[in-house]
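Come along as I note what I looked up, one entry at a time.

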Amino acid sequence: VKCAQYWPSPDRDTEIFEEFIVKLTLEDHYPDYIIRHLSLTNKRDKGVEREVTHIQFVSWPDHGVPDEAHLLLKLRRRVNSFKNFFSGPIVIHCRHVIEHTLTGRRRRAGVGRTGTFIGIDAMMESLEVEGRADIYGYVVMLRRQRCLMVQVEAQYILIHQALLEHTQFGETESPLQELHSTLSTLKQRTADNESTLMEDEFDRLPTFKSWRTCNTGKAEENKKKNRTSSVVPYDYNRVQLKTDEGQSHESDADDDYDEASDEDEDSAKYINASLIS
């Protein structure tokens, strides 16, 4: 948690923050977010209790943006699943911290991630209602209300990627209870009767050609180590074997591949495997 924790932990389900009593009634963990159900009471009026649903997104890296835009589309669907006629307002915030660096203090004002999610949510609603989206115009409007909303270019690009993914692939998530019927639908033939809906969906999968290099795996001395020439690991996240000294040489998925590394050493450590985060 990169901001002050204002909710109780499971090992201590009730906390008092000045005049407010906050009780944790339920906490569910998922791969990309945590859902908490909180009970909020004012010490001055204990007869009135408010129920709060708290969703913490945990897949946003400390630096940069999520690699997959669909994670935020999934988060949006989860947030909206709790909305009903009796729901109160939705409050969105990201961390507000002060980082101490060599050049001084740097403040993270809590506008980048918040603005990105708000932008995706608003533009998705615009697409659903009007069939169009003005991302630039909406971000300008956001910044008139709070400076630096959608703080960096990568976040601005992420909004476009999320909308593009939604328009290209649509809603592909299926609840467990509907999985059987969804599979039956995908097996149906299309109007031209030449392919099934599942085959069409597979053809729409992005190939990401030339997205990353595979120089080490395609090197002449390593070709015989690949079971097939069409499946070769990327340089940036390939698994590297440990040396005799026991030092790990696993590549960092966040770092670019160092093309200046020694080719003979790379060949000795090469294995056709990839790190998946």
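This is a predicted model: local features need pLDDT of at least 70, side-chain atom pairs count only at pLDDT 80 or more; totals for chains, interfaces and linings use all residues.

**Entry: a side-chain pair.** I began with Q56 and looked for a partner to its side chain. The side chain of Q56 makes a polar contact with the side chain of R36, at 2.9 Å.

Next I asked where Q56 sits in the chain. Q56 belongs to strand 4, which covers residues 45-57. Is Q56 buried or exposed? Its relative accessibility is 17%, and buried means under 20%, so Q56 counts as buried.

**Entry: the second largest pocket.** From there I turned to the open spaces in the model. How much space lies in the second largest pocket? I found about 1,600 Å³.

I then looked up which residues surround that space. The lining of the second largest pocket has 40 residues, and Y6, T53, H54, I55 and V91 are the ones that lie nearest the centre. The elements giving two or more residues to this lining are strand 3 (33-42), strand 4, helix 1 (70-80) and helix 2 (112-130). Which element supplies the largest share? Strand 4 does, with eight residues. That is the strand where I had already placed Q56.

**Entry: a cysteine in a loop.** My next stop was C94. I found C94 in the loop between helix 1 and strand 5, the latter being residues 97-101. Why does C94 count as buried? Its relative accessible area is 16%, and the cut-off for buried is under 20%, so C94 falls on the buried side.

Which residues does C94 touch, leaving out those up to four places away in sequence? I listed G110, V111, G112, R113 and T114. I checked one of these pairs by distance: C94 and G110 are 16 residues apart in sequence, yet their C-alpha atoms are 5.0 Å apart in space.

**Entry: the whole chain.** I finished by stepping back to the protein chain. Its secondary structure comes to eight helices and eight strands. The protein chain has 277 residues, and 28% of them count as buried. Last, I looked at contacts with a sequence separation of 6 or more: residues 24 or more positions apart account for 47% of these in the protein chain.

Definitions and conventions:
Residues are numbered from 1 along each chain as its sequence is written. Side-chain values use heavy atoms; hydrogens and water are left out. Helices (H or I, at least four residues) and strands (E, at least two) are DSSP runs, numbered from the N terminus. Buried means under 20% relative accessible area, exposed over 50%, partly exposed in between (1.4 Å probe, protein chains only). A polar contact is a pair of N or O atoms within 3.5 Å; within protein, one must be able to donate a hydrogen and the other to accept it, and residues adjacent in sequence count only if both atoms are side-chain atoms. On a 1 Å grid over the protein atoms alone, a cavity is a set of points where a 1.4 Å probe fits but cannot get out, and a pocket is an open set with protein on both sides within 12 Å along at least five of seven lines; lining residues have an atom within 4 Å of a point. Grid points are joined across faces, edges and corners, and a volume is the space filled by probe spheres set on the points. Contact means heavy atoms within 4.5 Å.
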